[in-house]
Amino acid sequence: MTGVVHPQEVVLAEPRGFCAGVDRAIEIVERALVKFGAPIYVRHEIVHNTYVVNDLKSRGAIFIEDLAEVPAGATLVFSAHGVSQEVRREAAARGFQVFDATCPLVTKVHVEVAKLHREGYEFIMIGHKGHPEVEGTMGQLSDGIFLVEEVEDVARVKVKDPSKLAVVTQTTLSVDDAADILAEVKRVFPQVREPKQQDICYATQNRQDAVKVLAPQVDVVIVVGSPTSSNSNRLRELAERLGTPGYMVDAAEDLKAEWLEDRPRVGLTAGASAPDVLVQAVIDRLRTLGATTVRSLPGVEEHVRFPLPMGLGDKSMAEVSASRS
């Protein structure tokens, strides 16, 4: 087609891609494979990224949803999203060797729920039905926790004592994501105990803040992430809300040239479970479509590190590799 302007510049959001919880979860599976050999069983996708899951499958990880699929004596890893108390009890009863890759930020929410439950609190959870993190957090209790997905859901919540009500959120929502629902909860239940700021995942917030900087400076935003990734979907939606067309790709081959027609400045980011190798592949694809320059925007530098579980070593594989070189 004559007269069409092709991509000229790629502008990278900062930060983007892997967060500390994802790094830790993947490393737990990798280390378990090295130490105990294949197969290693993982309950649910370790993180919501097709490339990562397929890579670990190729090395001997077997992803399951039901513990009945796990043979006696096997090594089992819980995914980064966390699990319910029922799943923990079943794993213990069946004698699996368990390594817990639950993100420590999710674990903090679980601990808070258990503590306040002992003090007589009920809970509203702001999150997405069916998401494994939501199922895990709500599964910390047998009752007294109500899921709210939309503002209008708040009116349907019936609690025993409004003065003993607390709110928790899915960590992969940002403050912005939860703001309208939280405002309605506070209107209906003025005495509600609000979530702690640190319950929101720092990586989710940082990546959304980076898109807020990126979107006004570009003609289209491409998000690298899998369809099952909550935080990746939110990045695309945020770009759209800011008035910039947004698309999500699981891999470079998903990128459609027509999305970029007459959009010379292409913004690029990645969800917290998307590896940098996929970002680089998308950059390469954009170069074949005409892009000649790539630059990064300034942004927050992340230095968060989470320790590995006991039994898998106290140094990351990156540190071990560095010490050998």
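Mentor: Let us begin with the naming of elements: helices (H or I, at least four residues) and strands (E, at least two) are DSSP runs, numbered from the N terminus. This is a predicted model, in which local features need pLDDT of at least 70, side-chain atom pairs count only at pLDDT 80 or more, and totals for chains, interfaces and linings use all residues. Residues are numbered from 1 along each chain as its sequence is written, and side-chain values use heavy atoms, with hydrogens and water left out.

Trainee: Which helices each supply at least two residues of the lining of the largest cavity?

Mentor: On a 1 Å grid over the protein atoms alone, a cavity is a set of points where a 1.4 Å probe fits but cannot get out; a pocket is an open set with protein on both sides within 12 Å along at least five of seven lines; lining residues have an atom within 4 Å of a point. Here, helix H1 (20–36), helix H4 (104–118) and helix H8 (230–241) each supply at least two lining residues of the largest cavity.

Trainee: How much space lies in the largest cavity?

Mentor: Grid points are joined across faces, edges and corners, and a volume is the space filled by probe spheres set on the points. The largest cavity holds about 250 Å³ of space. It is lined by 21 residues, of which Cys19, Val22, His81, Thr172 and Asn231 are the closest to its centre.

Trainee: How many residues of each class are in the lining of the largest cavity?

Mentor: Ala, Val, Leu, Ile, Met, Phe, Trp, Tyr, Cys and Pro count as nonpolar, Asp, Glu, Lys and Arg as charged, and the others, Gly among them, as polar. The lining of the largest cavity has nine nonpolar, 11 polar and one charged residues.

Trainee: Which residues does UniProt list for "binding site"?

Mentor: UniProt positions are given in the numbering used here, feature names are shortened, and annotations may be inferred rather than shown by experiment. The unreviewed UniProt entry lists His48, His81, His131, Ser229, Ser230, Asn231 and Ser273 under this feature. The lining of the largest cavity includes His48, His81, His131, Ser229, Ser230, Asn231 and Ser273.

Trainee: Is Ser273 buried or exposed?

Mentor: Buried means under 20% relative accessible area, exposed over 50%, and partly exposed in between (1.4 Å probe, protein chains only). Ser273 counts as buried because its relative accessibility is 6%. Ser229, at 1%, is buried as well, and His131 is buried at 9%.

Trainee: What does Ser273 contact, leaving aside its neighbours within four places in sequence?

Mentor: Contact means heavy atoms within 4.5 Å. With those neighbours left aside, the contacts of Ser273 include Val22, His48 and Ser229. Ser273 itself lies in the loop between strand E11 (265–270) and helix H9 (276–288).

Trainee: What does the side chain of Ser273 reach at 3.1 Å?

Mentor: A polar contact is a pair of N or O atoms within 3.5 Å; within protein, one must be able to donate a hydrogen and the other to accept it, and residues adjacent in sequence count only if both atoms are side-chain atoms. The side chain of Ser273 reaches the backbone oxygen of His48 at 3.1 Å. In another such pair, the side chain of His81 makes a polar contact with the side chain of Ser79 at 3.0 Å.
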